[in-house]
Amino acid sequence: MLEISGLHARVANGAEILKGISLTVGKGEVHAIMGPNGSGKSTLAGVLVGRDRFEVTAGSVTLEGADLLALTPEERAVRGVFLGFQYPVEIPGITNAYFLRTALNSVRKARGQTELDAMEFLTLLKQKARLMEMDPSFLNRSVNEGFSGGEKKRNEILQMAVLEPRLAILDETDSGLDIDALKVVAAGVNALRSPERSVILVTHYQRLLDHIVPDHIHVLAGGRIVKSGGRELALALEAQGYGWIESAAGKA
Amino acid sequence: MSAEENKTLNNLTEQEYSYGFVSDLEQEIIPPGLSEDVVRWISRKKEEPEWLLDWRLQSYRTWLSMHEPHWARADYPVIDYQAISYFAAPKTNKDGPKSLEDVDPELLKTYEKLGIPLQERAALAGVAVDAVFDSVSVATTYKGKLAELGIIFCSFSEAVREHPELVRRYLGSVVPRTDNFYAALNSAVFSDGSFVYVPKGVRCPMELSTYFRINAKGTGQFERTLIVADEGAQVSYLEGCTAPKRDENQLHAAVVELVAMADAKIKYSTVQNWYPGDKEGRGGIFNFVTKRGLCAGRRAHISWTQVETGSAITWKYPSVVLKGDESVGEFYSVAVTANRQQADTGTKMVHIGRNTRSTIVSKGISAGHGQNTYRGLVKVGRNAHNARNHSQCDSLLMSSACGAHTFPVIEVANTSAVVEHEATTSRISEDQLFYCRQRGIPQEEAVALIVNGFCKSVFKELPMEFAVEAQKLLQVSLEGSVG
């Protein structure tokens, strides 16, 4: 599905942040990327979706064989790449429902599929909103405007449910959530797990992984993956913090 | 903002004007220049009564003593008023068209290009159109149907002929002929326009609509519109403007007067898309317009909604004088300046009666080298107890070379007044654009989406068919397409 090889990236004209990342995510797999602040987790997510504040200096990324780095952000979305934003953006004056319909129909159009009319879309949206336990009134409010932190994150997962991506990257989706909101969000993500859909969870804390159990865990430090493993790695991090990993890796 | 995004924004904001075509019609034009003789010539040409000629001449004499105002935040050369021709009428049959069949087919084609629903489409849309082609109204539809209700909707010239008592009573009653330089000029040489009278207790059953178009080269257009809603009457009036492409600047100095009696309601909506000039600022319309409404009686209600995307220079302050107790004034505005356009626009809300209320919502969008100024006055008189005003002025910047300026003035002479002013200025945000693009929405459509969201609180005040047109115009001025 996703093949990252020797990836180096820096802030445009700035310091190098990713220093050679290689990672393979198979179809239907859930990978967690963990690491301390400043390790490059969010940069990796940003590079994968084509944020132009980052500049790739070496390496390659392919999605189902296609060169992902050559595509614009919207083309990547059409290929099924989705980012759950750490800080979802507000768009005043545009309702959630209208925004999502525009998004869904944009990708459908680009894929040569028929666009959904207002009624078809509304039916779909209501069904997905129930899944996220979202009050239907949210659909008619401006995108993320006046939403609480938890509501914004839930809204991200709702968008994921509607857009049905092949590769979902969830950037710190657990940050700012209380335990109840975390459970709802995790339940939503679990419901969307499928053999056809790969997920990358970017997180600082292991507690998200109690609710969304990953197949693989990678620890990022100093712009490199310093350790990969299974569930037990997250528990070790929970118990011992990131310090031992960083020193074991001889922090760059 | 990234180079790529800048490039797209530039492409979007430098769209060519798509309404620039010239009708091949024989026109009757008088030679350029302005004098008492020209004023007399216009009045005679229109077979006007003596009192109106006198009114024009007095206006002309006052105008001679006035100075062209240059306090607006707009740069333009001094206008040579002697170089302008003050009358242009399509040369058709001597007696004028009796019905659509009599209208010059070239003219109808022009309207068709503009998408004006003049014939069956008018019926389907329920719109009565009083089409002003340059200076003379050529076709008025639905007059019969409106007449059954006692509603008068006709060209200004016809109103002078058929309803002189009404015209004489209200002409200049809201905008005095000496009000300002351009109003005085208009009062002297106005050519034609629209007249509406809605009698007591009658609700006009359809939206009334006028399209203005400047077609002849080097001619000014001086519209005069007068709308009177008698006690308890209601009317919604739509005005749309497009002009073909010209290289020299053309002057447009209109006057619109609204009179709302007790319990009457007038809603006046404008979509203005005059030719804005090219990328370097050559050509384009100078739009110097005086629009004012008078809430004459208790609980009268006047609402202005405008979407201004065109003109090289816009100088326009649709205002409401809240004389009647408990009367209400509203101003909703979207003004777009792209390329080298300059807009200095806003409103005046003058509170005189008790318990009067006013609302101002202004959205300015600046792109390219556009300069967008909001200028507003909220004035609460000594006896205007419990006056309320809320003003919201938001500016959106789309390039690094454009500008947004806000000059709100508040004068309060009554301690019971509550006046609120909120203002924001923001750049179109890279984060918003990226968020849309990550969801698969192409950049151009993302820009359209965000700008439409920004204008939402004004668009929702427009009648449905105009809201669609307004979004279309925003798209033409700023974007490739709205999703």
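Colleague: Which residues does A:Ile169 touch, leaving out those up to four places away in sequence?

Modeller: Bear in mind that this is a predicted model. A:Ile169 touches A:Ala45, A:Leu48 and A:Val49, then A:Phe82, A:Leu83 and A:Gly84, and also A:Ile200 and A:Val202.

Colleague: And which residues touch the most other members of the largest nonpolar core?

Modeller: A:Ile169 is one of them, along with A:Leu201, B:Val196, B:Ala229, B:Val235, B:Leu258 and B:Ala260. That core has 184 residues. The top contributor is helix H11 of chain B, residues 443–459, which gives 10 residues.

Colleague: OK, chain A on its own. How many helices and strands are there?

Modeller: Chain A has 9 helices and 12 strands. Its C-alpha atoms fill a box of roughly 55 × 40 × 35 Å along the principal axes, and 44% of its 252 residues count as buried.

Colleague: What does the radius of gyration of chain A say about a compact globule?

Modeller: They agree, because a compact globule of 252 residues would have a radius of gyration near 18 Å and chain A has 18 Å. As for contacts in chain A between residues at least 6 apart in sequence, 73% join residues at least 24 apart.

Colleague: How do H5(A) and H6(A) sit, parallel or perpendicular?

Modeller: Their axes come within 10 Å and cross at roughly 5°, so H5(A) is roughly parallel to H6(A).

Colleague: Which residues meet there?

Modeller: From H5(A), A:Gly150, A:Lys153, A:Arg154, A:Ile157 and A:Ala161; they meet A:Ala181, A:Val184, A:Val185, A:Gly188 and A:Val189 in H6(A). That contact divides into 6 nonpolar, 2 polar and 2 charged residues.

Colleague: Switching to where the chains touch: how many residues does each chain put into the contact?

Modeller: Chain A puts in 21 residues and chain B 20 residues. On the chain A side, the elements giving two or more residues are helix H2 (73–78), strand E7 (91–95), helix H3 (96–110) and helix H5 (149–163). H3(A) gives the most, with 5 residues. By type, the chain A side has 14 nonpolar, 4 polar and 3 charged residues.

Colleague: Last one. Where is B:Gly283?

Modeller: B:Gly283 lies in the loop between strands E12 (265–273) and E13 (285–295) of chain B. B:Gly283 counts as partly exposed because 18 other C-beta atoms lie within 10 Å, and buried takes 20 or more.

Note on methods
Residues numbered from 1 in each chain as written. Chains lettered and ligands numbered in written order. Predicted model: local features only at pLDDT ≥ 70, side-chain atom pairs only at ≥ 80, totals over all residues. Core = buried A, V, L, I, M, F, W, Y, C linked by C-beta atoms within 7 Å. Buried ≥ 20, exposed ≤ 12 C-beta atoms within 10 Å, placed from the backbone. Helix = DSSP H or I, 4+ residues; strand = E, 2+ residues; numbered from the N terminus. Contact = placed C-beta atoms within 7 Å. Nonpolar A, V, L, I, M, F, W, Y, C, P; charged D, E, K, R; others polar. Rg over C-alpha atoms; globule rule 2.2 N^0.38 Å. Axes fitted to C-alpha atoms, helices over the stretch in contact; angles between N-to-C directions. Parallel < 35°, antiparallel > 145°, perpendicular 65-115°, else oblique.
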